[in-house]
Amino acid sequence: YMPPPGTGVLSFGLVAIPVRIHSATHSENVSFHLLHKKCGSRVRNQHYCPVCKVVVEREALVRGFQHAKDQYVTITEEELESLEAEANRSIDLKEFIPLASVDPAYFENTHYLGADKGGEKPYRLLADAMAKSGRVAIAELVSRGKEQLVLIRPYKKGLVLHTMYHADEVRDFGQVPKGENVKLSQQELELGVGLIDRLTSDEFKPENYKDEFRIRVLGMLDEKSKGKEIVIDRAPAPKHGQVIDIMEALRRSMERVPAKKKAGSAAKKRKITS
């Protein structure tokens, strides 16, 4: 869920900061339409009632919540609207906390917050004060009639808004098996850390990673649009057997991965030798 781009007002104590909400991301996924194979025409979705054996038009549909097997409670649009929170542009800052205290599992989507007309100075004050204090803000806004929990943090001399999941929406990780009873030797742990060190970079560079599947799909579609015949030549996927000797697997991995020269280490070495 993401609030729509628009304007809002950050409420910071008695300070009101006009802001504008901007989308921070957009999907680049390749989308397809469903066509009738025989004639190539786009098909339409229809709602079919298996009891009455008829196609049901949209105006004849009602919302239903299943409270038991095959038993539903219906609710009208008017009843839903009566439960919606009163629309407002306020983004109320509830508390400030260290960013490290928020588990990333609670993050949902991202928006940029920019200063709106007349809000430049208080916006700058809040962004700089949060950056200096090392704190982020937990806030609440109303969008589409629903209260939305959000986190606001300083980012590149500005502010970013993340929509958040509520506590009951994040599943308990304690129910997931994590091999707690497995015993590791010190040598195994050191080899594991060594392999991580060899694969470590000084910073994340997202431009180094491409959506390879999307690139392949667009390439094939471009070829097909030009009338070229596509020959499918899929190589069998490599088989990965179960790792029996983890020490041997780690040693072989270390041999195959060259050690990376870290910028910080290189700078330190230069300082020592100079």
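User: Among contacts between residues at least 6 apart in sequence, what share joins residues at least 24 apart?
Analyst: In the protein chain that share is 65%. Contact means heavy atoms within 4.5 Å. Before going on, note that this is a predicted model, where local features need pLDDT of at least 70 and side-chain atom pairs count only at pLDDT 80 or more, while totals for chains, interfaces and linings use all residues. Residues are numbered from 1 along each chain as its sequence is written, and side-chain values use heavy atoms, with hydrogens and water left out.

User: OK, what is the mean pLDDT?
Analyst: The mean for the protein chain is 85, and 90% of its residues reach 70 or more. pLDDT is the predictor's confidence in each residue, on a scale from 0 to 100.

User: Where does pLDDT stay under 50?
Analyst: Over residues 265-274, and for that stretch the model has 1 contact beyond four places in sequence. Where pLDDT is low, predicted coordinates should not be read in detail.

User: How many helices and strands?
Analyst: The chain has 6 helices and 11 strands. These are DSSP runs numbered from the N terminus: helices are H or I with at least four residues, strands are E with at least two.

User: And how much of the chain is buried?
Analyst: Of its 274 residues, 19% count as buried. Buried means under 20% relative accessible area, exposed over 50%, and partly exposed in between, with a 1.4 Å probe and protein chains only.

User: Which residues have the most contacts inside the largest nonpolar core?
Analyst: L10, I91, L113, I152 and L159, in a core of 18 residues. The elements giving two or more residues to this core are β2 (15-23), β7 (90-98), α2 (120-133), β9 (135-143), β10 and β11 (158-164). Helix α2 gives the most, with 4 residues. A nonpolar core here is a set of buried Ala, Val, Leu, Ile, Met, Phe, Trp, Tyr and Cys residues joined through side-chain atoms within 4.5 Å.

User: What is I91 in contact with?
Analyst: Leaving aside neighbours within four places in sequence, the partners of I91 include V9, L10, V19, I21, L141, I152 and L161. S11, A139 and E140 are also among them.

User: Changing topic. How many aromatic pairs are there?
Analyst: A search of the whole structure finds 2. In one of them, the ring centres of Y112 and Y155 are 6.4 Å apart and the planes are at 10°, so this pair is stacked. Y112 is in strand β8 (residues 107-115) and Y155 in strand β10 (residues 146-155), 43 residues apart, so the pair links distant parts of the chain. Rings of Phe, Tyr and Trp (its six-membered ring) pair if their centres lie within 6.5 Å; planes under 30 degrees apart are stacked, over 60 edge-to-face, and the rest tilted.

User: How accessible are Y112 and Y155?
Analyst: Y112 is partly exposed at 36% relative accessibility, and Y155 is partly exposed at 31%.

User: Which charged end sits over the ring of F173?
Analyst: That of K178, 4.4 Å from the ring centre. The criterion is NZ of Lys or CZ of Arg within 6 Å of the ring centre and within 35 degrees of the ring normal.

User: What about the backbone: what is phi at K53 and K157?
Analyst: K53 has a positive phi of about 55°, and phi of K157 is near 65°. Most residues other than glycine have a negative phi. K53 is in the loop between β3 (47-49) and β4 (54-56) and is exposed at 60% relative accessibility. K157 is in the loop between β10 and β11 and is exposed, with a relative accessible area of 74%.

User: What does R124 touch?
Analyst: K157 and G158, not counting residues up to four places away in sequence. R124 lies in helix α2 and is partly exposed at 32% relative accessibility.

User: Last one: is A85 buried or exposed?
Analyst: Buried, at 16% relative accessibility. A85 is found in the loop between α1 (77-83) and β7, and touches V142, G145 and E147, not counting residues up to four places away in sequence.
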